[in-house]
Amino acid sequence: MECKKCEEMLAGYACGDLTAQEAEAIEAHLSGCAACRAASAAYGVVISSVVDEPVLSPSESESATVSAALAHAYVYPRASRQARTRSLKELLGFGLVTVAVFAFIATVLGLQAFGHIDVIWMIGSINPLRIALSAVVVVFVTSFIPIWVTARRRPLNGLTFGR
Amino acid sequence: MNDLSDEELMARCAWGDRPAMDMLVSRYHSKLLDFAFRHLRDRESAADIAQTALVRVFESAGSYRLKSTFRTWLYTIALNLIRDEYRRRRTRKESLSSELESAEGLVEMLADRRSPDRSPEDTALDRMTASEVWKAVGGLPENYSSAIILKFRQGLTYEEIAAVMGAPSGTVKSWVHYALKALRESLEPIECEG
């Protein structure tokens with residue numbers, strides 16, 4: 001291996017990023033080249049200078065400031081604000097679904113009133129049992145589906161941060 | 001609680017578990033402080049950034065999802081705050097003088113080390129000190145210095161650094177190599193034998 005090639009790969013060698021084969025080739029070259037050995041040692045010194053510098057520790061006042069700021073964050077979590085915004089959106093969604101269902105029923109009744117369709121014929125015939133069943137279906141559509149849609153979208157793990 | 005992972009502690013935080021939050025703070029406050037300080041070289045700004053990053057993380061505890069590891073999320077927030085601080089400094093022209101100072105220091109150091117009339121003893125690596133290395137790190141482009149700090153000070157993998165910096169891991173690896181090469185060359189040029 002030539003010095004130029006070795007030089008290109010030394011940073012990767014110092015980081016341990018080379019394959020075993022590449023590392024072996026580098027080591028073979030280093031054993032016979034003092035200049036590249038010096039360069040390799042210099043990489044080691046640079047890395048150890050960066051790694052070995054002691055990690056800063058927060059002072060007591062810095063720790064106290066962080067604790068106070070976090071206590072405030074716990075009392076007023078952003079997540080609960082987001083949850084409030086989300087529940088407003090859900091309310092709006094519930095309203096829109098309900099309006100759409102009632103608009104559909106009004107349209108059907110209107111078409112029936114003007115004789116464009118014959119709902120009674122469509123249901124079958126005037127039968128109290130069938131009418132009762134139809135009422136159940138209407139109540140289900142107008143009440144339970146919007147409730148079900150809303151319940152599906154409600155988050156299960158609302159935040160309960162508190163003092 | 002010591003044996004719980006960061007992600008498990010964060011999940012507990014979302015349910016309002018204060019001791020879990022305290023544990024995460026004890027794990028990361030000093031690392032964040034160091035991370036910010038190595039970039040900004042200013043203790044006060046570093047303390048502000050560490051605090052703001054922690055507050056943002058715990059304010060958003062409920063929206064945390066396991067798409068990324070906790071520490072990549074935390075360092076992403078901290079790095080964005082550091083970049084904001086860089087921008088503010090640039091706007092105020094405050095950093096210009098310090099950058100020039102560090103660049104001038106680097107140039108002087110290079111000139112000194114490459115001077116032909118220096119004795120062999122002077123060129124030895126023993127004159128290289130940690131402060132010189134950090135001064136040289138400060139003279140690197142932002143991405144290179146961040147990659148170096150995340151890799152060697154914070155112990156992140158290339159994949160984690162890539163997630164934090166929003167770049168492919170291969171690019172991050174080349175940043176680290178380039179930065180190391182620049183630091184090494186700035187401190188001791190070599191003359192090859194063959």
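## A buried glutamate

B:Glu160 is buried, with a relative accessible area of 14%. The cut-off for buried is under 20%, so B:Glu160 falls inside that class. The residue sits in helix H8 of chain B, which covers residues 158-165. Leaving out residues up to four places away in sequence, B:Glu160 touches B:Thr69, B:Arg71 and B:Thr72.

One of these contacts is also a salt bridge. B:Glu160 pairs with B:Arg71, and their closest N and O atoms are 2.8 Å apart. B:Arg71 belongs to helix H4 of chain B, while B:Glu160 belongs to helix H8, so the pair ties together parts that are 89 residues apart in sequence.

## How confident is the model?

This structure is a predicted model. For the complex, the predictor gives an ipTM of 0.72 and a pTM of 0.65. In chain B the average pLDDT is 79, and 75% of the residues score at least 70.

Residues 110-127 have a pLDDT below 50. Beyond near neighbours in sequence, that stretch has 28 contacts in the model. Residues 190-194 also have a pLDDT below 50. Here the model shows 14 contacts beyond near neighbours in sequence.

## Salt bridges within and between chains

How many salt bridges does the structure hold over all chains? The count is 12. One of them links B:Arg43 to A:Glu62, with the closest N and O atoms 2.8 Å apart. B:Arg43 lies in helix H3 of chain B (residues 43-59) and A:Glu62 in helix H4 of chain A (residues 60-75), so the pair joins two chains. Are the two partners buried or exposed? B:Arg43 is partly exposed, at 29% relative accessibility. A:Glu62 is buried, with a relative accessible area of 14%.

Another salt bridge stays inside chain B. B:Arg89 pairs with B:Asp42, and the closest N and O atoms are 3.3 Å apart. B:Arg89 is in helix H4, and B:Asp42 is in the loop between helix H2 (18-40) and H3, so the pair ties together parts that are 47 residues apart in sequence. B:Arg89 is buried, with a relative accessible area of 11%. B:Asp42 is partly exposed, at 26%.

Back to the first pair. B:Glu160, buried at 14% relative accessible area, forms its salt bridge with B:Arg71. Elsewhere, salt bridges that share partners join A:Glu53, B:Asp34, B:Arg38 and B:Arg153 into one network.

Rolling a probe the size of a water molecule over the atoms shows where empty space is left. A search of the whole structure finds one cavity of 30 Å³ or more. About 30 Å³ of space lies in the largest cavity.

Which residues line the largest cavity? They are B:His39, B:Leu79, B:Ile82, B:Arg83, B:Tyr86, B:Glu142, B:Asn143 and B:Ser146. By class, three are nonpolar, three are polar and two are charged.

Which helices each supply at least two residues of this lining? They are helix H4 (70-92) and helix H7 (142-153) of chain B. H4 of chain B gives the most, with four residues. Helix H4 of chain B also holds B:Arg71, the partner of B:Glu160, and B:Arg89, the partner of B:Asp42.

How values were computed:
Residues numbered from 1 in each chain as written. Chains lettered and ligands numbered in written order. Predicted model: local features only at pLDDT ≥ 70, side-chain atom pairs only at ≥ 80, totals over all residues. Heavy atoms only, no water. Buried < 20%, exposed > 50% of the residue type's maximum accessible area, 1.4 Å probe, protein only. Contact = heavy atoms within 4.5 Å. 1 Å grid on protein atoms, 1.4 Å probe; cavity = no way out; pocket = protein on both sides within 12 Å on 5 of 7 lines; lining within 4 Å. Points joined across faces, edges and corners; volume = space filled by probe spheres on them. Nonpolar A, V, L, I, M, F, W, Y, C, P; charged D, E, K, R; others polar. pLDDT = per-residue confidence, 0-100. Salt bridge = Lys/Arg side-chain N within 4 Å of Asp/Glu carboxyl O.
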